[in-house]
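Here is a short briefing to read beside the structure. Keep the sequence at hand as you go through the points.

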Amino acid sequence: MSKVAVVTGGTRGIGEAISLALKELGYTIAANYAGNEEKARAFTDRTGIASFRWDVGDHQACLDGCAEVAEKLGPIDVVVNNAGITRDGVLARMSFEDWNDVMRINLGGCFNMAKATFGDMRERGWGRIVNIGSVNGQAGQYGQVNYAAAKSGIHGFTKALAQEGAKYGITVNAIAPGYIDTDMVAAVPAAVLEKIVAKIPVGRLGHAHEIARGVAFLCSEEAAFITGSTLSINGGQHMY
Ligand code: CAA
């Protein structure tokens, strides 16, 4: 039977590329999304991948959503915590809501999804959790105290949970993407983005499929000895 993978934020951007890459490798995919019903429906029509709507920042919604996926597709073997938002702004202009939303969704979402799936993976003695961090969680970024803190938290979360999962055959790893050619990065003011790209040694933005390849590798059987690690895919922007 094929393995079941849940990809949060899995219908757009990097998440879409991850859903497609894992599908190509034979996984049964549940692509989670939060709000954009129209895009999710178009994604499902185009790819044949089932999409499921819930807010990863809502603890109970994750428990319910994962239970629904398990009932419809089978027990969940792989979780890719990809869903994330930005609410950029300098601290002086950042509201508590902007802080809290980013922490609740980007970091809280990883906790909620792990709570919903880890116990079952433990019982079955196999699991893969891949958390999508960010170069900005490693290096910091002007105007992103919320996002950098949440993404940095993901890297700590990954290392701690990896220690808990190891004896049950569960690996927990992170990928730290750099600036990838997605809607999220397109929202950065052009003049700011130009300066950022100028500092990327490879000289361009990354592509979503370049992150998806890394996720696919970390989910594979061959990656069983890799846990608690962070794979940076950033064109050399930050060497860590
Ligand atoms: N370092 C030092 N100073 C900086 C700076 C930097 N990196 N960036 C801007 N400044 C300075 C500006 O030069 C300017 O100074 P002066 O007023 O003296 O001229 C001052 O800060 C204000 O800059 P802005 O006009 O840009 O301020 P703003 O309030 O209009 O906007 C901002 C601030 C929203 C943070 C905007 O700069 C911005 O969007 N920056 C990009 C943040 C970013 O990279 N986000 C990544 C999103 S994609 C993502 O997060 C995916 C991922 O994982 C990589």
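A search of the whole structure finds eight salt bridges. The model is a predicted one.

- Arg46 and Glu16 pair through their side chains in a salt bridge, at 2.5 Å from N to O.
- Arg46 sits in helix 2 and Glu16 in helix 1, so this pair ties together parts that are 30 residues apart in sequence.
- Are the two partners buried or exposed? Arg46 is exposed, because its relative accessible area is 54%. Glu16 is at 18%, so it counts as buried.
- The cut-offs behind these labels are under 20% for buried and over 50% for exposed.

**Other salt bridges**

- Asp120 and Arg124 form a salt bridge through their side chains, at 3.6 Å from N to O.
- Both residues belong to helix 4 (residues 96-124), and because they are four residues apart there, about one helical turn separates them.
- Asp120 is partly exposed, with a relative accessible area of 32%. Arg124 is also partly exposed, at 34%.
- Arg204 and Glu210 meet in a salt bridge of 2.8 Å, N to O, between their side chains.
- Salt bridges with shared partners link Asp77, Asp120 and Arg124 into one network.
- Arg204 has a relative accessibility of 34%, so it counts as partly exposed. Glu210 is partly exposed too, with a relative accessible area of 26%.
- As a general point, side chains of opposite charge can pair when their charged atoms come close.

**Helix 1**

- How far apart are the end C-alpha atoms of helix 1 (residues 13-24)? They are 17 Å apart. The helix has 12 residues, so at 1.5 Å a residue it should span 16 Å, and the two values agree.
- The buried residues in helix 1 are Ile14, Gly15, Glu16, Ala17, Ile18, Ser19, Ala21 and Leu22.
- What covers them? The cover includes strand 1 (4-7), strand 2 (28-33) and helix 2 (37-47). It also includes strand 4 (78-81), strand 5 (127-132) and helix 9 (208-219).
- Glu24 lies in helix 1 as well. Glu24 counts as exposed, because its relative accessibility is 74%.
- The C-alpha atoms of Glu24 and Arg204 are separated by 27 Å, and the two residues are 180 residues apart along the chain.
- Gly26 follows helix 1 and has a positive phi, near 100°.

**Asn136**

- Asn136 is part of helix 5 (residues 135-139).
- Asn136 is buried, because its relative accessible area is 6%. That value falls under the 20% cut-off.
- The side chains of Asn136 and Gln144 are joined by a polar contact of 2.7 Å.
- Leaving aside residues up to four places away in sequence, Asn136 touches Gln141, Gln144, Tyr147, Ala148 and Tyr179.

**Nonpolar surface patch**

- Which residues form the nonpolar patch on the surface? They are Leu91, Phe96, Trp99 and Val145, with about 420 Å² of accessible area together.
- Val145 is found in helix 6 (residues 145-165).
- Val145 has a relative accessible area of 40%, so it is partly exposed.

Definitions and conventions
Residues are numbered from 1 along each chain as its sequence is written. This is a predicted model: local features need pLDDT of at least 70, side-chain atom pairs count only at pLDDT 80 or more; totals for chains, interfaces and linings use all residues. Side-chain values use heavy atoms; hydrogens and water are left out. Helices (H or I, at least four residues) and strands (E, at least two) are DSSP runs, numbered from the N terminus. Buried means under 20% relative accessible area, exposed over 50%, partly exposed in between (1.4 Å probe, protein chains only). A polar contact is a pair of N or O atoms within 3.5 Å; within protein, one must be able to donate a hydrogen and the other to accept it, and residues adjacent in sequence count only if both atoms are side-chain atoms. Contact means heavy atoms within 4.5 Å. Patches are made of residues with over 30% relative accessible area and no salt bridge: like charges are joined within 9 Å, nonpolar side chains (Val, Leu, Ile, Met, Phe, Trp, Tyr) within 5 Å. Accessible areas come from the Shrake-Rupley method with a 1.4 Å probe; for residues, only the protein chains shown count as cover. A salt bridge is a side-chain nitrogen of Lys or Arg within 4 Å of a carboxyl oxygen of Asp or Glu. The expected span of a helix is 1.5 Å times one less than its number of residues.
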